[in-house]
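Have a look at the model, then read on.

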Amino acid sequence: MNRRKFLKRAVIGTAVLASSYVYLDNEEMQQALVLPGKIFCDLHSHPSRNYPIEDLMETLGSPGLTGLALKCWTENERDILTYEQALDLLPLSQVTEIDKGKVARCGQGYIARTQEVLAGRHHLLALGWEGGYFPSYQTIKEAVDDIHARGGIAILNHPFAITGKRMLRLPKTQGELDLIREACTLVDEMETHNAFCVNILPYALDFREMNKNAEDLRQREFPHFRGVASSDCHHYLDQVKLAGIYIDKDAIETKGMKGITEAIRGGNFIRFGDAQRGPYVSRYNLLKVALRGILG
Ligand SMILES: [Zn+2]
């Protein structure tokens, strides 16, 4: 290759790399702002425990509350940090439980015990229940009944991402749309913004539609819900506390998990997360997660 050819290739190569970087690194991914008198709660989050303690502490100990949501059904996500493990791993001097077995203060932030439950073709977020973790269920009705029987509440996660043959996907038939509608009649709230429903390929593969459809359905048929938001962090710490809801600090400080579930039931929260405006994880983050095989 002569010098001229080499330079040409180098320039093209750099341009391709630079543009793919801009394409993939398309979101700012900053933790949500602190509002006075409120706690920012990212209740549906699955950070990995395989980080140095200082890194875990830096993320979980920053202002805001992280719901450490265990998932039982997926082999690829065995490294999800649970609330119980966090209490064991993090320095004693930094972590104090304010609601035993459910919520702890952690540095300047908080952690809470939550679980994502597989229920038929849907995923539920369980909050505030008594006793051990839930198994997977064949139907959403059985799951919600069990969560309620144990004093918890159930939120329908990403309503328009239902289990398909290989991965989560949008509904394709009227029957599947009816399934989503029925699920909404059983739960205590619905997630209308999930930071993982990203615009992968503009005009071709845009999962923001899942959030938009959920918000449209809420407004049209379930206006008694306010719609919650979450990061749905998969593994990587920089995804934690991107999206969520603001709840009164007093309610959480005085009542712990009950303060959270009452606020959600009563619609006393402010959602931070919107289909159009985001926030979303970057395409680069989605790619990293997909390469680890832990999507869905
Ligand atoms: Zn999740």
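The points below go from the whole chain to one strand and its neighbours.

1. Ground rules: this is a predicted model, where local features need pLDDT of at least 70 and side-chain atom pairs count only at pLDDT 80 or more, while totals for chains, interfaces and linings use all residues. Residues are numbered from 1 along each chain as its sequence is written.

2. Overall, the protein chain holds nine helices and 16 strands (DSSP runs numbered from the N terminus: H or I of at least four residues for helices, E of at least two for strands). Of its 296 residues, 44% count as buried, meaning 20 or more other C-beta atoms, placed from the backbone, lie within 10 Å of the residue's own.

3. Now zoom in on strand β7 (residues 153-156). Ile153 and Ile155 point one way, Ala154 and Leu156 the other, and all are buried.

4. What does β7 pair with? Strand β6 (residues 122-127) runs antiparallel to β7, over four bridges, and strand β10 (residues 189-194) pairs with β7 in the parallel sense over two bridges. (Pairing takes at least two DSSP bridges.) Leu156 stands opposite Leu124 and also opposite Met190 in β10.

5. Leu124 is worth a click. Leu124 and Ala112 have the most contacts inside the largest nonpolar core, which has 77 residues; strand β5 (residues 109-119) gives that core its largest share, six residues. (Such a core is a set of buried Ala, Val, Leu, Ile, Met, Phe, Trp, Tyr and Cys residues joined through C-beta atoms within 7 Å.)

Terms used: Buried ≥ 20, exposed ≤ 12 C-beta atoms within 10 Å, placed from the backbone.
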